[in-house]
Amino acid sequence: MKKHNFYAGPSILPQYTIENTAKALHDFAGMGLSLMEISHRSKQFIAVVEEAQALFKELLNIPEGYSVIFLGGGASTQFCMVPYNLFKKKAAYLNTGAWSKKAIKEAKIFGEVEIVATSEDKNFNYIPKDFTIPANADYFHITTNNTIFGTEILHDIDSPVPVVADMSSDIFSRPIDVSKYAIIYGGAQKNLAPAGVTFVVVKHDVLGKVDRDIPTMLNYQTHIDKGSMFNTPPVVPIFAALQTLKWLKEKGGVAEMEKINIKKSEMLYDEIDRNKLFKATVPDPADRSRMNVCFVMNEGYEAHEKAFNEFATERGMIGIKGHRDVGGFRASLYNALPLESVEALVKVMQEFEHTI
Ligand SMILES: *Cc1c(COP(=O)(O)O)cnc(C)c1O
């Protein structure tokens, strides 16, 4: 039976990425050696890193004055690395979910954190709209896509202070205006590569402004200066990321991805809104994530939750169980998920409706 992979992360990757990485695990760049057993300083691997950085810049249309670096530690390490490098007196954060809260917790170690708005009152099922970013903050932090709660900020925010964005789960899903951000970071395991590599896009002119000593490994400048080669970078995930970037380019880049992502997510939300059994957890269509579609059983049908999970699993739908903080279901529709998988899920939802 065909499996449809709706896991939230690690998650579906292009077949192209998996096949090319598998080949390189046997023979990398014609060296007769595995990608796992070559020096990260070999010219063949340096070429991989450089091509990945160049493609990253090309696909996101990153202007001059920014570097792309590949690190270990996951997005979670960025929660402290951002304040280490940028926090002077005060930082502003938008609280839109579990990942925002974790970022806020780390920032508080460094001093005053102003929460400009929060959607915690409704279990993070919307994006706060009317808020003012304090002009005296050192930076403003947002989580563009809330992987757990299924909300997404789909526009680039105008801010009087540098914007730092956790884009772990929506990077490369749509075009963004990078010039509106000071730092964009994320773990690669949602939309780009297997777990193990973290991407960071850094604007040079926001660095070098804090007085504290920054541990060498947590200083962005270290990794910019050494081209992500200060220490051993995650070789295999970086190689895989390059394959995904090549695949993205060949598919028409982020503008084309956005069209497909709109189509896929609308198809699923339309079915959730139509089907009497289900209800989207995010009421306002403008706030609904295109990457992580969260839904629960509608009022009166709660008792059928377990049965639907089994029904769908038996038909090849993998990873649709919702996060424990939301319950119900979550279907993640990352770039590599084909439209046919959404069609298959919609069909299963309709078939299940007929059994009730
Ligand atoms: C998954 C996720 C993280 C955590 O990433 P790690 O690489 O596991 O540290 C952070 N932020 C968002 C939005 C995520 O989806």
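Does Lys306 count as buried or exposed, and at what relative accessibility? I looked it up: Lys306 counts as exposed, because its relative accessibility is 61%. My cut-offs are under 20% relative accessible area for buried, over 50% for exposed and partly exposed in between, with a 1.4 Å probe and protein chains only.

Ground rules before going on. I am working on a predicted model, where local features need pLDDT of at least 70 and side-chain atom pairs count only at pLDDT 80 or more, while totals for chains, interfaces and linings use all residues. Residues are numbered from 1 along each chain as its sequence is written, and side-chain values use heavy atoms, with hydrogens and water left out.

**Entry: helix α8**

I took helix α8, residues 305-314. Helices (H or I, at least four residues) and strands (E, at least two) are DSSP runs, numbered from the N terminus. Phe308, Asn309, Phe311 and Ala312 are buried in α8. They lie on the same side of α8, because they cover an arc of only 165° around the axis. That arc is taken from the directions from the helix axis to the C-beta atoms. On the other side of α8 I found Lys306 and Glu314 exposed.

Next I asked what covers the buried residues of α8. The cover includes strands β11 (278-280), β12 (292-297), β13 (317-318) and β14 (329-332), as well as helix α9 (339-355). Contact here means heavy atoms within 4.5 Å. Just after α8, Gly316 has a positive phi of about 90°.

**Entry: helix α6**

Helix α6 runs over residues 235-250. I checked its length: at 1.5 Å a residue, its 16 residues should span 22 Å, and the end C-alpha atoms are 23 Å apart, which agrees. The expected span is 1.5 Å times one less than the number of residues.

Then burial. Twelve of the 16 residues of α6 are buried, so α6 is largely enclosed by the rest of the structure. Among them are Phe239, Leu242, Gln243, Thr244 and Trp247. The cover on the buried residues of α6 includes α1 (15-26), α2 (43-60), β2 (66-71) and α7 (253-274). Gly252 follows α6 and has a positive phi, near 105°.

**Entry: salt bridges**

How many salt bridges does the structure hold? I count 17. The criterion is a side-chain nitrogen of Lys or Arg within 4 Å of a carboxyl oxygen of Asp or Glu.

I picked Glu152 and Arg174, whose closest N and O atoms are 3.5 Å apart. This pair links distant parts of the chain, 22 residues apart. Glu152 sits in strand β7 (residues 151-152), and Arg174 in the loop between β8 (163-166) and β9 (183-187). Glu152 counts as buried at 2% relative accessibility. Arg174 counts as buried at 4%.

Arg274 is partly exposed at 45% relative accessible area, whereas Glu271 is buried at 4%.

Back to α8. Glu310 and Lys306 meet in a salt bridge, 3.4 Å from N to O. Both lie in α8, four residues apart, about one turn of the helix. Glu310 is partly exposed, with a relative accessible area of 42%. I also noted one network: salt bridges that share partners join Glu314, Arg315, Lys347 and Glu351.
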